[in-house]
Amino acid sequence: MIQLYNTLTRRKEPFNPLEKGKVKMYVCGPTVYDFFHIGNARSFINADFVHRYFRYLGLEVKFIMNLTDVDDKIIKKSNEEGAGFSAIAKKYSDAFHEDIRKLKILPATIYPAATAHMADIIAMIEKLVEKGFAYNVEGNVFYDISKFTGYGKLSGKNTEELEAGSRVEVNSEKKNPLDFSLWKKAKEGEPYWESPWGKGRPGWHIECSAMSCKHLGKTFDIHAGGSDLIFPHHENEIAQSEAANGKPFANYWLHFGFLNIDSEKMSKSLGNFFTTRDILQKFQAETLRFFYAQTHYASPLNFTAEALEAADSGRLKIDNLFFRLEELAKDALPDDSLFREEYARFEEAMNDDINTPKALAVVFDAVKDINRHLAESNTATAYLASAKKFIQHTAGDVLAVLGEAKKEAGLESKLIELLIQLRLEARKEKNFALSDKIRDRLKEIGVILEDGKDKTSYKIV
RNA sequence: GGCGCUGUACCCAAGUGGCUUAAGGGGAAGGUCUGCAAAACCUUUAUUCGUCGGUUCGAAUCCGACCGGCGCCUCCA
């Protein structure tokens, strides 16, 4: 049984999906006005661990991630770059898809975009106005939080305290400073859509309510996102959806911890960020995933180049074994009575609120164990195949920290094999100067030779 | 000011009452293997969990105080 920490109830709870065997999950995606940074990547990757683990368990997952493709930042960027707002949105949506593919993040079932759901958004706002939860002030529609009794239940805030400590600039059109925009009247030169309240565009929060409802229904299982979205974004989503639909919104709320730099939150506004693209130039996607998997999703994580280097070394330990197993196991059939305990421990870790650090420890225990077995001669092929399958399922399918073998079957590998042969002959003649030269030169071009007991193997880095 | 998170070895990090006199990874030191490397394996690296009290037969884990770090309350993953 999976236990998840639910922000709404502030405790770990057994996860019971609405429909047995199926999971409906919504994760807040990016506003497409720039390349996303590695802090954003942390949330996307953590959501991917959850997604992948559900799949591993055989659950059918409907996974929705929205793309905010119209908002103030996009408009601002479009003015800066002198391109239309939709061109900006297109450019960074494309970049987003490219980057998450590189990060080995499983694609969502649907990536709904706000601009493609205007009718749904407007319909939901109309419903809120009808029911008395929203009011129109000359083309600006606001949500009236005083009408929704549960306001603050997710973030644990009560509205009086919020008012007391609020630094929100008072907008004289609002009845209450905490009321938020559902529909914004278009200013000169801004993109707009026609609506019952005139030309304008949706506020930020309403799109998630409208699109989650459209694609997952009024009530669904999991809603996830970064911790900074708890308030006001997710709080507002609850207010909108539950007021409009008269039904509970998401049953479980998962929130991802921040990535910090020098113990400070990495964010666009502070300017202390690296884009995912920057990092992927120096490190493999698997290394970044491994780095994130080493810390529980909800904890803050400090980013340093040294920590990423350490993650790279650790990850290679799993890779090295896996490549070896691939060579040794060949097409042998696994024996499914083996590794039962390892699978059980892995699942126990993941069931415990997606404890990836613990799950990784299970993988490393297995790695050490398998390596020991390999040191013995005559390891049964069924064992090798089972070991390979275990690593593939856990480090590969669920965590996706396994590097891809870069061996190619073509001319290249034949040439390398030829050099290995020549080197072997040199070694037989104790011409170590030559044999070392071959090894060193190959290393320079990224081919690492490793002398085994009776065979030299290579890997390409 | 309100709400919440957090402080575990040289670094990262799991562990929320006895299975732990504290997983796992990185780093470092010594050893095995090797012509030498690499990879891998073995050994060592926290009697101690921010500090001080308390509860308990028993606490890193519960309670209190104090010290430190961070986040949200405003766009933000």
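Me: Buried means under 20% relative accessible area, exposed means over 50%, and partly exposed lies in between. Why does Phe-364 count as partly exposed in this predicted model?
Reply: Phe-364 has 23% relative accessibility. Buried requires a value under 20% and exposed a value over 50%, so Phe-364 counts as partly exposed.

Me: Why is Phe-290 called buried?
Reply: The relative accessible area of Phe-290 is 1%. The cut-off for buried is under 20%, therefore Phe-290 is buried.

Me: What makes Tyr-53 and Tyr-56 a stacked pair?
Reply: Rings pair if their centres lie within 6.5 Å, and planes under 30 degrees apart count as stacked. Here the figures are 5.6 Å centre to centre and 20° between the planes, so the pair is stacked. Both residues lie in helix H1 (residues 38-56), 3 residues apart, about one turn of the helix. Tyr-53 counts as buried at 0% relative accessibility, and Tyr-56 counts as partly exposed at 22%.

Me: Why is the pair of Phe-290 and Phe-364 edge-to-face?
Reply: The ring centres of Phe-290 and Phe-364 are 6.0 Å apart and the planes stand at 90°. Edge-to-face needs planes over 60 degrees apart, so this pair is edge-to-face. The pair links distant parts of the chain, with Phe-290 in helix H9 (residues 285-293) and Phe-364 in helix H12 (residues 356-375), 74 residues apart.

Me: How do you know that Leu-422 is partly exposed?
Reply: Leu-422 has a relative accessible area of 43%. Leu-422 lies in helix H14 (residues 411-428).

Key:
Residues numbered from 1 in each chain as written. Chains lettered and ligands numbered in written order. Predicted model: local features only at pLDDT ≥ 70, side-chain atom pairs only at ≥ 80, totals over all residues. Heavy atoms only, no water. Helix = DSSP H or I, 4+ residues; strand = E, 2+ residues; numbered from the N terminus. Buried < 20%, exposed > 50% of the residue type's maximum accessible area, 1.4 Å probe, protein only.
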